[in-house]
Amino acid sequence: MEEKLNLTTEWDKVFPQSNKVNHRKVTFHNRYGITLAADLYEPKDAAGQLPAIAVCGPFGAVKEQSSGLYAQTMAERGFLTIAFDPSFTGESGGQPRYMASPDINTEDFMAAVDFLSVQDNVDPEKIGIIGICGWGGMALNAAALDTRIKATLASTMYDMTRVNANGYFDSEDSEEARYEKRKALCAQRIADYRSGTYALGDGVVDPLPEDAPFFVKDYYDYYKTQRGYHPRSLNSNGGWNVTGCQSFLNQPILQYSQEIRNAVLIIHGEKAHSCYFSGTPLQSSPATTRS
């Protein structure tokens with residue numbers, strides 16, 4: 001059922017390996033038949049069933065970057081964790097490459113819960129998820145759908161449906177602006193079909209303009225420097241396909257976040273440019289703790 005993936009055997013993360021946890025590569029599949037690659041971290045000398053966490057994000061990153069560091073750190077604190085590459089990216093399967101989907105990427109989180117739930121050393125009643133950046137919104141969407149998820153953390157959350165439909169800071173929130181986006185994306189589809197390839201939309205801007213906003217400078221400082229660059233990261237290299245996020249324009253993902261019945265924590269720096277994304281689920285979900 002699972003496709004065979006070409007998984008790197010050496011440690012190729014952008015962070016040092018901890019001597020407090022064991023690490024190995026694992027794979028699992030989602031209900032669309034896509035095989036996902038993950039790094040599994042577990043505390044050394046752990047006994048019995050452990051609470052578990054699945055980690056993913058940021059949007060356009062890979063598990064060798066910050067999600068892996070989150071996962072390893074939580075394993076040092078006693079959790080069994082996995083950091084996984086979403087469908088169509090990193091070492092995970094799925095064709096064509098560098099596509100995103102609010103449905104399939106929500107399913108990726110739920111598939112990670114499937115995998116964790118059947119591990120002998122995991123307590124299936126103590127499974128949580130962590131979503132970073134754009135996967136913070138996906139994590140909340142998954143938590144609204146998956147009753148097995150007992151705790152959800154969204155770290156510096158982006159709502160990718162909102163930013164695609166409305167632009168940054170909702171500056172393009174109009175029917176006319178969305179129509180022009182749709183028209184441009186449809187034209188790109190024709191160009192891609194004719195060429196037989198998918199045009200890339202570029203990753204983090206390089207070289208960095210002197211007048212770049214502070215958050216773009218932050219992106220560059222991580223994804224384009226030795227600190228965080230990874231050869232499989234979309235953000236570090238060519239980015240998503242131009243049409244990769246087209247469906248986000250019409251599919252809001254936080255429609256039922258107020259119906260999440262288990263614990264939710266949304267963390268955002270008050271000076272972060274993306275802080276406004278956290279406001280809607282904070283206001284609508286009684287399960288959320290403000291931080």
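This is a predicted model: local features need pLDDT of at least 70, side-chain atom pairs count only at pLDDT 80 or more; totals for chains, interfaces and linings use all residues.

Colleague: Let's start with the rings. How many aromatic pairs does a search of the whole structure find?

Modeller: The search turns up 18 aromatic pairs.

Colleague: Why is the pair of Trp11 and Phe15 called edge-to-face?

Modeller: Two values settle that. The ring centres of Trp11 and Phe15 are 5.6 Å apart, and a pair needs centres within 6.5 Å. Their planes stand at 90°, and over 60 degrees counts as edge-to-face, so edge-to-face is the name for this pair.

Colleague: And are those two residues buried or exposed, or in between?

Modeller: One of each of two classes. Phe15 has a relative accessibility of 6%, so it counts as buried, given that buried means under 20%.

Colleague: What sits over the ring of Trp11, and how do you know?

Modeller: That's the charged end of Lys13, 5.3 Å from the ring centre. The distance cut-off is 6 Å, and the direction must also be within 35 degrees of the ring normal. Lys13 is listed as sitting over the ring of Trp11.

Colleague: Which residues do ring pairs link into a cluster?

Modeller: The cluster takes in Tyr158, Tyr168, Phe169, Phe214, Phe215, Tyr219, Tyr276 and Phe277.

Colleague: What makes Cys133 and Cys245 buried?

Modeller: The cut-off for buried is under 20%. Cys133 comes in at 15%, so it counts as buried, and Cys245 at 12%, so it is buried as well.

Colleague: Where does Cys133 lie, and what is its phi?

Modeller: Cys133 lies in the loop between β5 and α3 (134-145). Its phi is positive, about 60°, although Cys133 is not a glycine.

Colleague: Which other residue has a positive phi without being glycine?

Modeller: Tyr98, with phi near 65°. Tyr98 is in the loop between β4 and α2. Its relative accessibility is 31%, between the 20% and 50% cut-offs, so Tyr98 counts as partly exposed.

Colleague: Now the largest pocket. How much space lies in it, and which residues are closest to its centre?

Modeller: About 1,400 Å³ of space lies in the largest pocket. It has 42 lining residues, and the closest to the centre are Phe59, Cys133, Tyr158, Tyr168 and Tyr219. By class, the lining has 23 nonpolar, 13 polar and 6 charged residues.

Colleague: Which helix gives the largest share of that lining?

Modeller: α6, with 8 residues. The helices α1 (66-76), α4 (160-166), α5 (175-195) and α6 (214-223) each supply at least two lining residues.

Colleague: Last one: how do you know that Ile127 is buried while Glu259 is partly exposed?

Modeller: Ile127, in strand β5 (residues 122-132), has a relative accessibility of 1%. Buried means under 20%, so Ile127 counts as buried. Glu259, in the loop between α6 and β7 (263-267), has 47%. Exposed would need over 50%, so Glu259 is partly exposed.

Colleague: And how far apart are Glu259 and Leu145 in sequence and in space?

Modeller: They are 114 residues apart in sequence, and their C-alpha atoms are 9.1 Å apart in space. For Ile127 and Met157, 30 residues apart along the chain, the C-alpha separation is 20 Å.

Terms used
Residues are numbered from 1 along each chain as its sequence is written. Side-chain values use heavy atoms; hydrogens and water are left out. Rings of Phe, Tyr and Trp (its six-membered ring) pair if their centres lie within 6.5 Å; planes under 30 degrees apart count as stacked, over 60 as edge-to-face and the rest as tilted. Buried means under 20% relative accessible area, exposed over 50%, partly exposed in between (1.4 Å probe, protein chains only). On a 1 Å grid over the protein atoms alone, a cavity is a set of points where a 1.4 Å probe fits but cannot get out, and a pocket is an open set with protein on both sides within 12 Å along at least five of seven lines; lining residues have an atom within 4 Å of a point. Grid points are joined across faces, edges and corners, and a volume is the space filled by probe spheres set on the points. Helices (H or I, at least four residues) and strands (E, at least two) are DSSP runs, numbered from the N terminus. Ala, Val, Leu, Ile, Met, Phe, Trp, Tyr, Cys and Pro count as nonpolar, Asp, Glu, Lys and Arg as charged, and the others, Gly among them, as polar.
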